[in-house]
Amino acid sequence: MTHSDTATLEDLIVCNGEVRSALAAGKPVVALESTIITHGMPFPRNVETARLVEADIRAEGAVPATIAVMDGRIMVGLDDADLDRLARAEDVMKCSRADLTFALATGIYGATTVAATMMAAHAAGLKVFATGGIGGVHRGAEESFDISADLDELARTPVCVVSAGAKALLDIPKTLEVLETRGVPVVAYGTEELPAFWSRASGLAAPYSLNSAEEIATLLKTRALFPGHGGVLIANPVPEADEIPQDEMSGYIDAAIRKATAQNIRGKDVTPFVLGAILELTDGRSLETNIALVRNNARLAARIAAALV
Ligand code: PSU
Ligand code: MN
């Protein structure tokens, strides 16, 4: 079933009861993406993680809102059966900005990336979003032109994205350059160095550093005074006990990228393929790190959302 072609944006965005009441009561809500469930982690760890992350947000006093496209509508806040169905499904479309409206108009079952989740979150009135890592400028982008739509979305959509930095499978210096060009503040949390997803270190200084959720909320409120302001990227390092150090990680990343190149993986398939290859190369350790950092980001996002209301 799809919506009629006279639908308004409000018809297309369905917040569940809990999210609606929280928004009406001015309580903190944290948006969550679904591509990490369908394309970022294997079943059943994907659904277990989705549940843990939602529980982490509730434990901080905020309401979680996982976002996905179902039956021609953007669902904001999934129940347990929806999460389970999404985690098991094998035919889910990875929806970024270019795909979101196509999935809605045709009734395709879709998982939202950082870019599409930001679009949906903003349309639903959510200001804070927790994820693992953002997409960015891929290595070799000077040849492939592969630059994630996440960067453009950060430039245009006023949502605070809490990440563990950019994955070192990307070209992190070029990713930072594009974010600066597009006017996106990048703020490392509790550190001066930009974290690199599985690793706390990247060897690059973060453009900015803040040490509390309250300071981040003040930055967001200040930015919101300017019309047309876009998003803010928070880079929250993975806890020390869960990290895979940079020197160890770089070997796995290089091998995974060589495999992707050898198999001629292109476009939307690159990120899921490389993540899968790294999972194999690290014997599952990269998944444990990924789960720990997403949970860490969810807790910080909940505290930022609370400081904003
Ligand atoms: N990071 C992860 N797992 C993921 C992704 C990022 O650890 O699944 C997803 C996010 O949804 C992100 C997307 O927005 O990959 C980026 O894909 P692309 O590079 O094709 O824009
Ligand atoms: Mn891409």
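Modeller: One term before we start. Helices are DSSP runs of H or I with at least four residues, and strands are runs of E with at least two, both numbered from the N terminus. Also, keep in mind that this is a predicted model.

Colleague: Okay. So where does Pro-44 lie?
Modeller: Pro-44 is in the loop between α3 and α4, and α4 covers 45–59.

Colleague: What kind of peptide bond joins Phe-43 and Pro-44?
Modeller: A cis one. Its omega is about 5°.

Colleague: Switching to the ligand. Where does ligand 1 sit?
Modeller: In the largest pocket.

Colleague: Which residues come nearest to ligand 1?
Modeller: There are 17 residues around ligand 1. The nearest are Glu-33, Lys-94, Ser-148, Asp-150 and Lys-167.

Colleague: What are the classes in that shell around ligand 1?
Modeller: It has 4 nonpolar, 9 polar and 4 charged residues.

Colleague: Which helices supply at least two residues of the shell?
Modeller: α3, at 35–40, and α13, at 270–281. The most comes from α3, which gives 3 residues.

Colleague: And which domains does the shell draw on?
Modeller: Domain 1 (1–126) and domain 2 (132–309) each provide at least three residues.

Colleague: Let's get down to atoms. What lies 2.5 Å from an oxygen atom of ligand 1?
Modeller: A polar side-chain atom of Glu-33.

Colleague: And which atoms lie by the nitrogen atoms of ligand 1?
Modeller: Lys-167 has a polar side-chain atom 2.3 Å from a nitrogen atom of the ligand. Gly-133 uses its backbone: an N or O atom there lies 3.4 Å from a ligand nitrogen atom.

Colleague: How much of ligand 1 does the protein bury?
Modeller: 96% of the 480 Å² that ligand 1 exposes when taken alone.

Colleague: New topic. What is phi of Asp-71?
Modeller: It is near 50°. That is a positive value in a residue other than glycine.

Colleague: Where does Asp-71 lie?
Modeller: In the loop between two strands, β3 at 63–70 and β4 at 73–76.

Colleague: Thanks, that's what I needed.

Notes: Residues numbered from 1 in each chain as written. Chains lettered and ligands numbered in written order. Predicted model: local features only at pLDDT ≥ 70, side-chain atom pairs only at ≥ 80, totals over all residues. Heavy atoms only, no water. Near = heavy atom within 4 Å. Polar contact = N/O pair within 3.5 Å; in protein donor to acceptor, adjacent residues only side chain to side chain. Areas by Shrake-Rupley, 256 points an atom, 1.4 Å probe, with all protein chains shown as cover. 1 Å grid on protein atoms, 1.4 Å probe; cavity = no way out; pocket = protein on both sides within 12 Å on 5 of 7 lines; lining within 4 Å. Sits in = over half its atoms within 2 Å of the grid points. Nonpolar A, V, L, I, M, F, W, Y, C, P; charged D, E, K, R; others polar. Domains from an automatic or database assignment.
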